[in-house]
Structure formats: structure tokens, C-alpha cells
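Dear colleague,

Please find the structure below, handed over for your reference. My notes on its cavities and aromatic rings follow.

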Amino acid sequence: MQLSLRASPTLLALCLFLILGNFLKAEARVRHYKWEVKYEYRSPDCYKKVVITINGRTPGPTIQAQEGDTVIVEVNNKLLTENLAIHWHGIRQIGTPWFDGTEGVTQCPILPGDTFVYKFVVDRPGTYLYHAHYGMQREAGLYGMIRVTSLEPEPFTYDLDRSIILNDWYHQSTYEQAAGLSSIPFQWVGEPQSLLIHGKGRFNCSTTPNLKTGICNTSNPECSPFVQTVIPGKTYRLRVASLTALSALSFQIEGHNMTVVEADGHYVEPFVVQNLFIYSGETYSVLVKADQDPSRNYWITSNVVSRNRTTPPGLAIFNYYPNHPKRSPPKAPPPPPAWDDVEPRLAQSLAIKAHKGYIEKPPTTSDRVIVLLNTQNTIDGYRHWSVNNVSFTLPHTPYLIALKQNMTDAFDQTPPPDGYDFVNYDIFSVFNNSNATSSNGIYRLKFNTTVDVILQNANTMNKNNSETHPWHLHGHDFWVLGYGKGKFDVNNDTKNYNLVNPIMKNTVPVHPFGWTALRFRSDNPGVWAFHCHIESHFYMGMGVVFEEGIDRIGKLPSSIMGCGKTKGFH
């Protein structure tokens, strides 16, 4: 008994330590953010215009969390005359499909003056994004990064962790662009005026004479080049992300190799690049060692690829400490790759494989195959982007609510086609898509089945032109089974699928006049958008929606309601 009494204080202390430790750990696992979203005048590329800020910043604040944490974001919409929704790009929203942040799909928009609370779990480590998902607001400046650290050791080492978001930048407002896209005659948005590196660029004011005084000022500190300071000899993990409105990019650090180790939250079998090709919605982690001449600084550059380049390069400074951060590198920026050379871009896509120790093997066969032909056409005189000749439109009542409440009159109950006329459609010609239609019908997927999606690129309405389209899937990661040139051959190309070590991603390009094959499991109950991540393309109808396991979803929160046929439910 005496032994027991002597031991009890130790045991009590141990129990208290464990309880307190678990309590503190639980407390630390809730990350709470309060955001005020509003319009402000800013000059990110020296040209003054109205932009959307979060707590006065664009890019917005980085969300930092550890895998398994719960993130709560209170969003106060102070745009005054404009609705709002924010998508958590790459977060699968397992168990919380109503907080995906996609207006018209998973929620009603946040009205001016209202506060909406998003709450979700970040279940995997990696590099993710957030951005507006209402109209074309993303390109007005509402975007940022989500960094989720791992509980387990990672398959690579580094000294310091840094982030860079790449973007393109227009001087026209999103309203002006949307009006042109919806006009007869059609008015294309054109090429962006600048490329931003972590929210900073440099527009040549002299190219636009007769501007009002103060509109364009290259001495404005807001547009001083972004500086990434490094300590000689150290290895840096650079989390590089793209949220461009239009442009595919090449990213370079003068004189330095980059080792790719992560893509969209999944570990990559490492490979070395000097140009990192990156498409809107993608994230990568690259390792860079500061092993060059430390007496000087180096250029960080971004350049447009896949479009005839008229936008000047984005420039930032890779600053070797203790050199002055504003000291310009002594040499000209490195030359970019040819804008129209598809081969190195295709080669990088093919090089991205799952890391040997982190392979999640895909199912060997699929239960359903959906081929999505990417086309451009005219409907009633208006220019559209379409998938299998159907241009997507969002309904007034979000799909998630309509399906859960069995509102069969809220959207078209006829599903879009699973394919196109494979035999007769010539992907290399301007095709007469006279049967093109618009619809808000969706794909209903059998729950917990394996689905293949083949993205098939084709000619636009301009001769000898096929554009790169980055496609993003909400609520899922997919296996990238292969890429190819020309028309997908269902009898032969499937034999070359990579079923051994395919990378899993949430965003993937389909290259000009080519195809990309994906596979995913329909195992996340919800309604999920799958769309081209180019703002104007999705606005013009380049997207689809998948429903799966709607009967497995519990009671929907009333906060997502209040629009369309749910006006009385809020």
C-alpha cells in the first residue's frame, strides 16, 4: 500500500501532463481566421485600379495549418454591391461538401454586408489555394495560399520553407471583360497587361500615353519587385502556385536548378528542371539550393507559354544575403522557352510520377468512361466554350440543395452526353458545331465506383489553333493515367495507361490537339464542379458537374441557402 501511495503523485502528474498535452494539442488544431473582403485601390503592377482585398491585402493572408486541423474562416462581404463565394482549392471537403465554396453548385452566394462561416478539415499535408468562385472575381485579386504541414517526416529535406504565387493581371475590370464576352459581336479579353510574382509586377507606363496623373507610377513602392532573400548554402522549399486568369507560365530562377518534389499535395519522384511549366490552379514544391556566386542577386522570371507572347515577363529578385534586396542582377533575365513549343511541356507532364514510397495505385479498370471534347462554338450568335457541344450554365438554385431537397424543376434533369461523334469529328479542323446547346444538366455518378475522364482537345473557331486548358476537379484527387497527341484511341491508348506509379492531382492540363486521361473514385458524397480553370473559359461554359452519394449527405446548413428556390429556407 505504501508503494502505491508513493507512486500516486507521479502517476497523477503523468495523467495531468497527458490530459493537458492532449487539451493543448486539440486547442492548437483549430485555426480561426476573420476576413474582411472589400474593394480598394491598388497598384500591383504600378497601374492604379480597383482590386478585391482580404484584410487590405492581395494576395490574401496565407492559411497555415497542420494535417488534421480544423480551419474556420469568417468571411465578411464588404463589397457593398457584389455577391461573393470562396473556394478552398485542393481541399476535398470530406464530410463538409456544403463548404466547398462554389456558388451555384454547393452554396448560395454571400450577400453584401453578410458574414459567412466556412469550417472544414485539412486532412492531408501539401500546398493548396483559395480564391473567389463567383463570376470572374478571382482575377480581381481575391486569392491566396493554404500551407498544410505534415505530421510525419517528408521524403526530402530542406532548411527553409517559402511560397510564391504567380498570376497574370488585367487593367480592365471583370465587369468590362464579362460584358465583352457576353456581347454580339464577341469581344475577347485579350492578353494580360502584366505578370505578377507574389502580387507584384511592373507595367511600362510609357506604352499607354495620355493617362491621368497618378494612374500609372513606376516609383510606387506597391509595384517594387518581389524579393526572395536566401542565405548562401541553404536549401529552400519553394511552394510555387499559379492562379492566372488566362496564361500558362514558365517559371525560372536564373542560374539555379529546381528539383520538383510535390504536386497538388502529393509527393513526386524527384526530377530536375530549369523551367517549371505551371498552369492555372496547379501547385508545386521545388527544392532550390542557394549554391551560386553569393556576391550578386539573380532574376526570378515568369513568362507566358502556349499563347503568342505579348505580355512582358514577370520579374522578381532572388536575393543572396547580405546583398541589398533592391540590387538588380548584373545580367539580363534568362530567355524564356519558345511559347509554341509543346514538346517540353508535354515532357514535364509525363515526367511527374508518384514518389516511390508514396504510391497509391489506381483501380486497374473503370466502371464508366466519360470523354469530354473541348470545343468552341456559337449559340444564338454568342460565342461559347463547350464540352461535347454543350455549354455549361449555372442554375439559380445550387445543385447540392436542389438534389438534397428533390427540387427536380431547379435544373435540367437530362444529363450531358458521355462522349461525342468519335468517328466523324475532326479535331484538327474548325468544325461546324451547328447542334451546340447550353444546359445546366449534370452527370450522376454511381457512388463508390471508378470513373475515367478523357479530356480531348480540339481546334477552336480559329484555324490551326488549339489552346491549353487546365482542368480542376473539386472534392477529389484523380490519378493521371496518361497524355497523348491527336485523337484519343479507346482501343489502343488505354493499353499505355500508367497504372504503376501515376501521380494524383486535382488540376491537370490538356495540351493543344492532345488528350489527357484521368481516373477517380466517386467516393466523396456531394456535388462537385469540374471545369477549365481559365476564368473566361469557365464563364463561357467550359465545365461540368458530378453528383455522387447525395443520399449519404446529412442535413444541410441553412447558411448556404437563400437564393433561387431556397429563398424561404434561409
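The lining of the largest cavity comprises 6 nonpolar, 4 polar and 2 charged residues (Ala, Val, Leu, Ile, Met, Phe, Trp, Tyr, Cys and Pro count as nonpolar, Asp, Glu, Lys and Arg as charged, and the others, Gly among them, as polar). A cavity here is a set of points, on a 1 Å grid over the protein atoms alone, where a 1.4 Å probe fits but cannot get out, and lining residues have an atom within 4 Å of a point. Among the residues lining the largest cavity are Tyr279, Arg307 and Glu467.

This is a predicted model, in which local features need pLDDT of at least 70 and side-chain atom pairs count only at pLDDT 80 or more, while totals for chains, interfaces and linings use all residues. Residues are numbered from 1 along each chain as its sequence is written, and side-chain values use heavy atoms, with hydrogens and water left out.

The lining of the second largest cavity has 6 nonpolar, 3 polar and no charged residues; Phe392 and Tyr443 are among them.

Turning to the rings, the structure holds 29 aromatic pairs (rings of Phe, Tyr and Trp, the last by its six-membered ring, with centres within 6.5 Å; planes under 30 degrees apart count as stacked, over 60 as edge-to-face and the rest as tilted). The Trp88 and Tyr118 pair is edge-to-face because the ring centres are 5.2 Å apart and the planes meet at 70°. Both Trp88 and Tyr118 are buried (under 20% relative accessible area with a 1.4 Å probe, protein chains only). Ring pairs also join Trp88 and Tyr118 into a cluster including Tyr33, Trp35 and Phe116.

Yours sincerely

How values were computed: On a 1 Å grid over the protein atoms alone, a cavity is a set of points where a 1.4 Å probe fits but cannot get out, and a pocket is an open set with protein on both sides within 12 Å along at least five of seven lines; lining residues have an atom within 4 Å of a point. Buried means under 20% relative accessible area, exposed over 50%, partly exposed in between (1.4 Å probe, protein chains only).
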